[in-house]
Amino acid sequence: MNIEELVRPNILTMQAYSSARDEYESDGSVSLLDANENPFETEFNRYPDPYQKELKAVIANLKGVKTEQLFLGNGSDEAIDLILRIFCEPGTDNILITDPTYGMYQVAAAIQNVEVRKIALTQEFDLDANAILSATDERSKVLFICNPNNPTGNLFNSDQIALLINRFQGIVVIDEAYIDFTTSSSSTKHLNEFDNLIVLQTFSKAWGLAGLRLGMAFSNAKMISLFNKVKAPYNLSSLTQKVAKKLIEANAVNTNENLQLILTERNRLASKLDGLNCVTKIFDSEANFLLIRFKDHNKAYKALTNAKLIVRDRSKALHCDNCLRITVGTKEENNNVISILENL
Ligand SMILES: *Cc1c(COP(=O)(O)O)cnc(C)c1O
């Protein structure tokens, strides 16, 4: 597939912002009088590296990809927004999402005035690849698949995903925000097979760095150069680049320990809540949250809120009637959830 045929014509022909510095390897020996910066050292008086070379080298190594296959954004939400702006002509093109799924795809589409086609998951929350394919037309540019899915917590059938990547005549985005919580391997292993595949991951969940705002998109070099063309030149601050590099290099073990704790707590929380009077179903989760169906979700929500435990009401989502989504917290927090619900 030639992805350039899917790109908005104005994006293909536009000139990207260029800075005089693109032509120099900054080795510290030159005087930088090109960008109207303040010359006096404050640690942050210089603009950051627009291509984040040092941080990308560390992350590419961590993820087993080439740096040309990697885009870094101000959260993976930046990548979602860029995908909409690169491929979707406002008022004309459409995207496909599953129902239910993560809310930002629809928000990014609404900002861009792009139609959203929602295709119901099955009652078991699995993909219906044929239903998705039959909802497409020649203006369908992007298909978002969140795997594991938010808010349902499950992984999709990999054959259905493969079928969609093979058959969909547009860009397939696999959002793997929760992949670190699963035993399943990332779709990045298919990057070399499919030109239309983009995989998203984030440092916001398993890595515990939501406040830093750092997300990743993996694809082929041609796709990444489109991201680079459209992104704000200095989309990641020097602070983010520096801190993230340091934490990734130093903290891999720590992160692993916390990750194991979250998984242990997820399973403990599920088994403690299973069979409680107020709970009718706990959906299997491959993420750091549980989707739980209650006899009366309003009653459970109020009891939790009164105890200062804030959870997400997902009861209005398709197939999620009476469901709350509860993030796995610390052991104490989870114990508080358990004791409130036990007494309901
Ligand atoms: C949390 C989450 C993200 C993360 O977004 P960031 O902008 O990287 O914090 C992306 N996708 C899904 C499905 C999520 O649940």
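This is a predicted model: local features need pLDDT of at least 70, side-chain atom pairs count only at pLDDT 80 or more; totals for chains, interfaces and linings use all residues.
Residues are numbered from 1 along each chain as its sequence is written, and side-chain values use heavy atoms, with hydrogens and water left out.

Back to Glu37. You'll find Glu37 in the loop between helix H1 (9-13) and helix H2 (53-63). On naming, helices (H or I, at least four residues) and strands (E, at least two) are DSSP runs, numbered from the N terminus. So is Glu37 buried or exposed? Glu37 is buried, at a relative accessible area of 16%; buried is under 20%, exposed is over 50%, and partly exposed is in between, with a 1.4 Å probe and protein chains only. The side chains of Glu37 and Arg46 are also joined by a polar contact of 2.6 Å. That term means a pair of N or O atoms within 3.5 Å; within protein, one must be able to donate a hydrogen and the other to accept it, and residues adjacent in sequence count only if both atoms are side-chain atoms.

The loop between H1 and H2 also holds Gln52. Gln52 isn't a glycine, yet its phi is positive, near 50 degrees. Gln52 counts as buried, at 1% relative accessibility. Now compare Lys308, in the loop between H9 and strand S10 (312-313). Lys308 has a positive phi too, about 65 degrees, and is not a glycine either, but at 73% relative accessibility Lys308 counts as exposed.

While we're on loops, look between strand S4 (140-146) and helix H6 (158-167), where Pro148 lies. The peptide bond from Asn147 to Pro148 is cis, with omega near 0 degrees. Pro151 is in the loop between S4 and H6 as well, and the bond from Asn150 to Pro151 is cis, with omega near 15 degrees.

Two packed helices are described by the angle between their axes and the distance between the axes. Axes are lines fitted to C-alpha atoms, for helices over the stretch in contact, and angles run from 0 to 180 degrees between N-to-C directions.

How do H3 and H7 cross? The axes of H3 and helix H7 (residues 221-230) come within 10 Å and cross at roughly 95 degrees, so the pair is roughly perpendicular. For the cut-offs, under 35 degrees is roughly parallel, over 145 roughly antiparallel, 65 to 115 roughly perpendicular, and the rest oblique. H3 brings Ala79, Leu82, Ile83, Arg85, Ile86 and Phe87, and H7 brings Met223, Leu226, Phe227 and Val230.

H3 (residues 76-87) also meets helix H4 (residues 104-111), with axes within 9 Å and a crossing of roughly 45 degrees. That makes H3 oblique to H4. Asp77, Ile80, Asp81 and Leu84 in H3 meet Met104, Tyr105, Ala108 and Ala109 in H4.

Last pair: helix H9 (residues 297-306) and helix H10 (residues 331-342) pack at about 130 degrees, axes 10 Å apart, and are therefore oblique. Ala300, Ala303 and Leu304 of H9 make the contact with Val337, Ile340 and Leu341 of H10.

Terms used:
Contact means heavy atoms within 4.5 Å.
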